[in-house]
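Subject: Structure for your files

Hello,

Here is the structure we spoke about, with notes on what turned up in it. Please read the notes with the coordinates open.

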Amino acid sequence: MKKISLCVFVVSLFVILNVNEAGFLREVAKPFERIGKEIRREVKDVGKAIEHVGKASGFTIVESCCPSCCQVDPKRRKEEVIEVVETVDDTTGIQATTETFEVGMIRLHNELRSIEGVTGTVAWDARLAQMSAEWITQCSLKYPVYGDSRDSYGQNAFMTTSATAEPIDAINTWYSYKSNFNPATGDCLDGQVCDPYLQAVMPESQYVGCAAGTCGSFSGGPGGSTIFCMYAPV
């Protein structure tokens with residue numbers, strides 16, 4: 001009986017100590033919680049003051065945006081007219097090698113993403129490649145608008161007057177649009193096109209499918225060859 005009473009006493013003491021310890025810890029934490037709230041309030045007030053000064057001084061304060069952090073504007077993309085190029089400059093410094101079209105497009109995309117510090121790589125998607133091949137037969141200078149879920153995929157087109165569209169030329173051309181990107185606003189420069197570059201390095205994209213072909217005429221004008229790619233997700 002004495003042993004039972006002793007056990008009950010020990011258990012009761014243990015419970016009391018734990019409860020008291022929890023209460024003690026809560027009391028200790030309260031001052032730190034108040035300090036944290038004060039700091040957050042002060043930071044918010046400082047931010048408002050900076051914004052007020054900026055407006056009073058006639059300056060616009062914006063967050064800078066790395067190219068690969070920004071997004072392609074779907075509406076603007078649908079209205080964009082694809083440029084047909086005659087010559088392509090080596091803008092990336094990436095070397096062309098003898099390889100299959102599929103391997104080349106994946107390698108070039110991933111090397112460009114590495115140059116731009118984009119985390120993650122893209123892999124080939126056969127369904128996206130088939131959709132790209134179907135669009136090429138339209139020989140259009142406008143990006144496709146499907147009116148269904150396919151409009152959620154990213155798109156990039158390279159068109160040239162040359163008899164054959166080379167993957168390295170497509171990547172170099174898309175990268176050349178970086179000069180039209182304004183990192184201060186996270187958007188294209190006024191009146192300029194930069195979406196081909198943003199699409200090629202978009203970090204959200206995990207899959208890409210491309211196709212190459214020739215056209216006797218692009219939207220009724222001179223013809224040539226083309227490479228078209230679709231990306232998912234975006």
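The model, which is predicted, has an open sheet of five strands in the order S1-S3-S7-S6-S2, with mixed pairing. At its edges are S1 (84-85) and S2, each of which pairs on one side only.

S6 and S7 are antiparallel and share nine bridges. Within this pairing, Gly213 has Thr226 of S7 as its bridge partner, and Ala212 stands opposite Ile227 in S7. S2 and S6, on the other hand, run parallel and are joined by two bridges; there, Ala123 has Tyr207 of S6 as its bridge partner. As background, the strands of a sheet pair through backbone hydrogen bonds, in either the parallel or the antiparallel sense.

**Helix H3**

H3 covers residues 101-115.

The buried residues of H3 are Gly104, Met105, Ile106, Arg107, Leu108, His109, Asn110, Leu112 and Arg113. Which elements cover them? The cover includes three strands of the sheet described above, namely S2 (123-124), S6 (207-215) and S7 (224-232), as well as the helices H5 and H6 (195-200). H3 is followed by Gly117, which has a positive phi, near 75 degrees.

**The cavity**

Rolling a probe the size of a water molecule over the atoms shows where empty space is left. With a cut-off of 30 Å³ or more, the count is one cavity. The space in the largest cavity is about 70 Å³.

Its lining is made up of Glu80, Val81, Ile82, Glu83, Tyr143, Ala157, Phe158, Met159, Thr173, Trp174, Tyr177 and Pro196. Two or more of the lining residues come from each of strand S3 (154-160) and helix H5 (167-176). S3 gives the most, with three residues. By class, nine of the lining residues are nonpolar, one is polar and two are charged.

Regards

Terms used: Residues numbered from 1 in each chain as written. Predicted model: local features only at pLDDT ≥ 70, side-chain atom pairs only at ≥ 80, totals over all residues. Heavy atoms only, no water. 1 Å grid on protein atoms, 1.4 Å probe; cavity = no way out; pocket = protein on both sides within 12 Å on 5 of 7 lines; lining within 4 Å. Points joined across faces, edges and corners; volume = space filled by probe spheres on them. Helix = DSSP H or I, 4+ residues; strand = E, 2+ residues; numbered from the N terminus. Nonpolar A, V, L, I, M, F, W, Y, C, P; charged D, E, K, R; others polar. Expected span 1.5 Å × (residues − 1). Buried < 20%, exposed > 50% of the residue type's maximum accessible area, 1.4 Å probe, protein only. Contact = heavy atoms within 4.5 Å. Pairing = 2+ DSSP bridges.
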